[in-house]
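Hi,

Here's the structure I said I'd pass along. Have a look at it first, and my notes follow below.

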Amino acid sequence: MTAPGAGESAENPFPVRAVATRIKGWIDRLGSVWVEGQLTQITLRPGTRTAFMVLRDPAADMSLTVTCTPEMVTGAPVKLIEGTQVVVRGKPNFYTGRGTFSLRLSEIRAVGIGELLARIERLRRLLDAEGLFDPRLKRPLPFLPATIGLITGRASAAERDVMTVAGARWPAVRFAVRNTAVQGPTAVAQIVAALRDLDADPDVEVIVVARGGGSVEDLLPFSDETLCREIAACRTPVVSAIGHEPDNPLSDLVADLRAATPTDAAKKIVPDAAAEQALVDDLRRRSAQAVRNWVVREDRVLAQLRSRPVLADPLRALDERGEQVQRALATVRRDIERVIAVQTERIGHLSARLATLGPAATLARGYAVVQAVGAQGPQVLRSVEDAAAGTRLRIRVADGAIAATSEGRLLGGRLLGGPSDGS
């Protein structure tokens with residue numbers, strides 16, 4: 001079995017110098033790199049041959065120590081101050097004496113305004129293509145938020161403006177304030193942390209990110225991709241009140257509402273109590289007037305309806321119809337009476353003719369109707385053959401009838417077969 005080598009066991013450890021030397025050797029084999037970030041903690045002491053600075057990532061809590069010659073700092077294309085956005089070229093270096101890592105710079109380039117704006121424009125197109133600016137994703141603001149989350153600089157004019165204006169418009173409003181850096185290398189990380197904290201608070205109904213304007217470089221944190229995506233991910237509506245009119249930071253486009261200034265944000269979020277009361281009073285007055293106008297209008301309509309003949313005298317139509325019915329009845333009655341008179345007269349004429357032609361008139365002139373009465377009832381005698389001797393007879397005269405018995409047929413004034421003929 002092979003014995004463990006140096007540094008591979010507790011019995012055969014490396015000395016510190018050996019580890020440091022090996023690390024330095026590994027790092028020295030690395031080539032130069034270009035790095036972008038924001039400068040902080042610039043240390044330039046007179047009489048020293050090395051300037052120390054910290055290069056910070058604006059979107060994350062990470063940084064690198066960088067070193068360079070003092071002449072490189074003083075001769076930089078722009079004045080290097082804390083928060084300056086730069087692109088540097090350097091070689092990784094490990095200092096064995098203190099065991100520290102740094103980036104030894106060989107070139108410093110400032111990021112110009114044109115390049116910054118070009119980067120912001122590229123990021124704007126990217127976020128727009130992903131739909132983060134889509135108006136359909138904008139969340140509506142609550143009508144009267146009880147608690148407003150406010151992210152702004154400590155003791156800033158933006159904080160004072162928002163709280164003063166909102167309190168004047170609605171005294172009962174409350175604020176959950178988170179003071180953060182609003183420019184510089186630490187601004188993005190602090191604002192993102194504050195957003196997450198307020199978004200997780202169930203009492204906060206709307207979040208305002210406020211700053212009172214500034215230069216393009218000062219407002220770079222509000223166009224940072226990390227911050228924009230965090231705003232889009234918030235469940236609570238977010239209002240961007242950066243107050244920079246010429247060039248809107250990207251947070252204005254991602255937020256649910258953009259306000260021109262912090263004061264404008266307070267006005268858009270919190271309704272004016274006096275104005276709302278005046279609006280309610282005006283609406284009540286207008287609604288009451290509308291009801292009165294409606295009543296007057298309907299009253300006029302009813303008056304017009306009542307003035308119509310059919311409603312002014314509802315029985316008039318019945319009276320007119322009644323008169324027509326009476327006239328029709330009179331006409332019918334008159335026609336019936338005329339028909340009756342005509343028919344009565346006709347019946348009288350027919351009765352007179354019937355009386356003249358009937359048997360009663362004949363009987364009255366002396367004639368008689370003789371009927372033979374037999375088993376089949378009276379039968380009118382039409383021939384002497386029908387009344388043999390002994391036949392019972394019924395003789396009807398003008399004033400009545402008499403009974404008789406046939407003695408037989410007469411021939412020449414004598415009874416045929418009777419005593420007068422010698423039998």
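Starting with the cysteines: a disulfide here means a pair of cysteine sulfur atoms within 2.5 Å. By that cut-off, a search of the whole structure turns up zero disulfides. Keep in mind that this is a predicted model.

Now the overall picture. The chain has 12 helices and 16 strands. Its radius of gyration is 67 Å, whereas a compact globule of 423 residues would come in near 22 Å. Along the principal axes, the C-alpha atoms fill a box of roughly 215 × 80 × 40 Å. Of the 423 residues, 29% are buried. The chain exposes about 26,600 Å², and 56% of that comes from carbon and sulfur atoms. If you look at contacts between residues at least 6 apart in sequence, 59% of them join residues at least 24 apart.

One local bit to zoom in on: strand β6 (residues 147-152) runs parallel to strand β7 (residues 174-179), and the two pair over six bridges. Within that pairing, L150 has V177 in β7 as its bridge partner.

Cheers

Technical notes. Residues are numbered from 1 along each chain as its sequence is written. This is a predicted model: local features need pLDDT of at least 70, side-chain atom pairs count only at pLDDT 80 or more; totals for chains, interfaces and linings use all residues. Side-chain values use heavy atoms; hydrogens and water are left out. Two strands pair if DSSP finds at least two bridges between them. Helices (H or I, at least four residues) and strands (E, at least two) are DSSP runs, numbered from the N terminus. The radius of gyration is taken over C-alpha atoms; the globule rule is 2.2 Å times the number of residues to the power 0.38. Buried means under 20% relative accessible area, exposed over 50%, partly exposed in between (1.4 Å probe, protein chains only). Contact means heavy atoms within 4.5 Å. Accessible areas come from the Shrake-Rupley method with a 1.4 Å probe; for residues, only the protein chains shown count as cover.
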